[in-house]
Amino acid sequence: MPSVLEIKDLYAGIEGKEILKGLNLTIRQGEIHALMGPNGSGKSTLANTLMGHPDYEVTGGEVLFKGQNILDLPPDVRSRLGLFLAFQYPTTISGVTLAHFLRSALNARLPGPTDGSARKKGIPVAEFRKLVMEKMKLLEVDESFATRYLNEGFSGGEKKRAEILQMAVLHPEIAILDETDSGLDIDALKVVSQGINALAGPEMGILLITHYQRILNYIKPDYVHILVDGRIVQSGGPELAQKMETEGYDWIREGIADGSISS
Amino acid sequence: MTRDAVVALSDLKNEPAWMREFRLAAWETYERLPQPNWKRTDISNLNLANLIFYTPSGQLTPLAQQALAGSSEMAGAVVQVDSQVVHVQLLSALLAKGVILVDMDTAVQQYPDLVKKYFMAEIIKPDFGKFEALHAALWSGGTFLYVPRNVEVEMPFYNFLTTTGDDRALFPHTLIVTETGASIHFLEETLSETFTGQTLVGGVTEIYLHPNSRVKFTNLQNWGLNVYNLVTRRTMVHNDAAINYTLAEVGAKLTHQYQEAYLVGTGANTESVGVFYFDHDQHWDMYALMDHVASFTFGDLLLRGALADTSRSIFEGLIKIRKNAQETNSYLHDNTLVMSKHARADSIPSLEIEANEVRASHGATIGQLDEDQVFYLMSRGIDRREAERVILEGFFAPVLQRIPLEQVREKLLGYVDEKMGTVTVS
Ligand SMILES: Nc1ncnc2c1ncn2[C@@H]1O[C@H](COP(=O)(O)OP(=O)(O)OP(=O)(O)O)[C@@H](O)[C@H]1O
Ligand SMILES: [Mg+2]
């Protein structure tokens with residue numbers, strides 16, 4: 001049975017400000033959902049809330065993953081359950097190489113205590129290297145990446161590739177990609193999209209957050225949702241993304257104003 | 001601790017008259033000097049009257065044996081347990097080249113001229129401060145290393161110190177002299193269990209570098225949490241000579257240390273790196289001085305440390321550039337990561353510059369753990385404790401890269417892991 005991420009009537013905010021106002025969305029392993037919405041509509045708030053960022057406060061609703069309410073679980077447990085977030089703005093961690101970090105992340109997935117005691121034994125170096133090299137090749141990432149400090153001095157595009165590289169290595173069941181397309185030039189966008197497509201399939205569900213239709217030329221979503229002011233106001237198939245591209249958000253706003261679209 | 005005790009100690013050691021007189025003069029100095037006036041470190045809890053100032057243990061303890069087991073890669077080794085050196089070894093090839101490696105008590109008997117010339121005579125005098133005077137009166141054990149002209153030794157000399165109980169005071173004295181063109185690495189490791197009573201370690205280290213000689217001095221400090229660790233470490237650096245200090249500290253209840261480099265010769269150089277991790281109520285106070293007396297001298301110090309629980313660090317760093325020290329460069333940087341709300345770090349860097357053709361700068365940062373970094377790592381499945389450890393290791397990286405000995409780096413990281421409660425499978 002495929003794993004399911006169910007977001008039910010979710011209310012969440014930051015610093016006392018309510019951003020998500022009753023959001024409903026269900027993502028199954030194997031499906032690709034695109035989530036579009038104007039700046040500030042709450043896309044990253046949703047992503048961070050799903051992953052368990054401590055700054056975001058949930059004020060209502062629930063999120064079930066594999067039937068379990070995950071809202072009380074710390075981020076590392078959510079991750080090990082099979083959830084992944086590719087950040088819109090990945091953090092820099094000086095002194096920690098991408099390889100070292102990835103190895104820690106993989107070792108944390110080994111059975112037994114998660115406190116790093118498996119760290120030294122962990123997955124064998126040769127096996128690890130092979131896995132990372134293979135994924136780096138897939139994403140056309142330079143080998144030197146592995147020995148560079150996490151996101152330090154990475155260009156915008158490199159950061160996004162590094163996020164997808166992590167996804168490739170950790171192979172989650174449900175991945176949230178927050179604006180992975182922004183900041184990428186057309187060549188990089190193609191490579192990253194190909195990488196995502198290679199990873200997508202029955203094993204992985206994807207929530208692709210974007211506010212441009214551009215990436216949807218390369219990654220074909222099964223569903224498209226429009227987020228406005230903390231709520232999904234429209235859902236449909238790929239044709240909805242097309243309509244957004246040509247008509248923008250105005251028809252949605254007008255629809256909300258005249259009541260033809262319920263918010 | 002009395003004047004009579006000083007006499008008795010000198011008698012016991014069967015010392016020549018000049019050393020006995022030296023001790024007695026130092027005792028008078030001790031009695032005359034006021035208590036040290038350290039602004040941020042209070043040792044009024046230390047009950048000196050309770051401490052046994054001379055403990056001849058005379059045996060290799062399991063800890064010491066363990067330490068020695070790894071010393072085959074060393075140029076020589078001196079192992080001290082409590083007040084006495086219990087083991088000395090030196091590669092015969094170095095002995096043949098005239099290298100002297102003995103315990104300090106033996107040096108007094110066998111090399112009186114060298115000892116008279118350097119022992120608390122010029123680098124650190126007994127009146128430096130109250131504890132230095134006490135040390136001068138009651139010193140016992142320690143290492144004397146003398147390296148003749150142009151003798152270059154790559155393997156480190158190893159000095160291991162431990163203590164076997166509480167309620168004692170140790171006063172080990174280390175004296176290193178490198179003649180012109182000599183080059184060595186000296187590794188000092190201190191390690192003990194945590195006992196319930198108090199222990200005082202009042203160590204003095206003097207290093208004298210003749211022109212164009214090089215000393216790397218590494219200190220790995222993991223005293224038990226009952227130890228009051230008072231350190232005075234001073235180096236005299238002549239023309240074109242270079243002293244490299246590496247400090248890696250995790251132990252002791254309380255540390256107060258002076259680390260000073262006197263760059264008295266043209267082109268003299270000092271580079272230091274330090275790293276520390278403290279928890280519980282550990283207190284660490286360091287005063288570092290780079291004193292540029294001559295021209296074309298260079299100084300650089302980089303310190304990184306982290307504090308957990310209610311621990312406390314104080315770093316006072318001074319770059320002093322005297323009138324004649326033109327064309328000098330000197331840099332001081334310290335960064336402290338405060339990992340708990342109840343820990344506290346102070347950094348007081350300062351510059352005193354009398355010359356005009358110089359370049360000098362200092363910078364200090366004190367910061368907290370970055371919660372976004374913790375979240376980032378956790379979002380990849382790494383639990384909080386491991387995430388903190390990974391971030392800390394990254395924070396230490398610039399210093400760790402400059403620690404010259406792999407085994408010191410590994411031991412340090414092992415100690416930090418242990419303190420953070422992370423079990424390491426090796
Ligand atoms: N740390 C914060 N403190 C206060 N308000 C915040 C914070 N982070 C985000 N917000 C606010 O929350 C709202 C939603 O932000 P969010 O980042 O979720 O939007 P988004 O849809 O991802 O936008 P974008 O397309 O620009 O990435 C915005 O109004 C934003 O200003
Ligand atoms: Mg966003």
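Helix α5 (residues 156-170) of chain A and helix α6 (residues 186-199) of chain A have axes that come within 11 Å and cross at roughly 15°, axes being lines fitted to C-alpha atoms over the stretch in contact, with angles from 0 to 180 degrees between N-to-C directions. The two helices are therefore roughly parallel to each other (angles under 35 degrees). Their crossing is left-handed, that is, the near helix is turned anticlockwise from the far one by less than a right angle. This is a predicted model, in which local features need pLDDT of at least 70 and side-chain atom pairs count only at pLDDT 80 or more. Residues are numbered from 1 along each chain as its sequence is written.

On the α5(A) side, A:Arg161, A:Ile164, A:Met167 and A:Ala168 meet A:Ala188, A:Val191, A:Val192, A:Ile196 and A:Leu199 of α6(A) (contact means heavy atoms within 4.5 Å). Of these residues, eight are nonpolar, none is polar and one is charged, with Ala, Val, Leu, Ile and Met among those that count as nonpolar and Arg among the charged.

The magnesium ion (ligand 2) is coordinated by A:Ser44 (OG) and A:Gln88 (OE1), at 2.0 to 2.1 Å; donors are N, O and S atoms within 2.8 Å of the metal, and water is not among the atoms, so the site may look incomplete. A:Ser44 lies in helix α1 (residues 43-51) and A:Gln88 in the loop between β6 (83-86) and β7 (93-97), so the pair ties together parts of chain A that are 44 residues apart in sequence. A:Gln88 is buried, at 15% relative accessible area, whereas A:Ser44 is partly exposed, at 22% (buried is under 20%, exposed over 50%, partly exposed in between, with a 1.4 Å probe and protein chains only).

A:Gly52 follows α1(A) and has a positive phi, near 95°. Helices are DSSP runs (H or I) of at least four residues, strands (E) of at least two, numbered from the N terminus.

Key. Chains lettered and ligands numbered in written order. Heavy atoms only, no water. Parallel < 35°, antiparallel > 145°, perpendicular 65-115°, else oblique. Donors = N, O, S within 2.8 Å, 3.2 Å for Na, K, Ca; no water.
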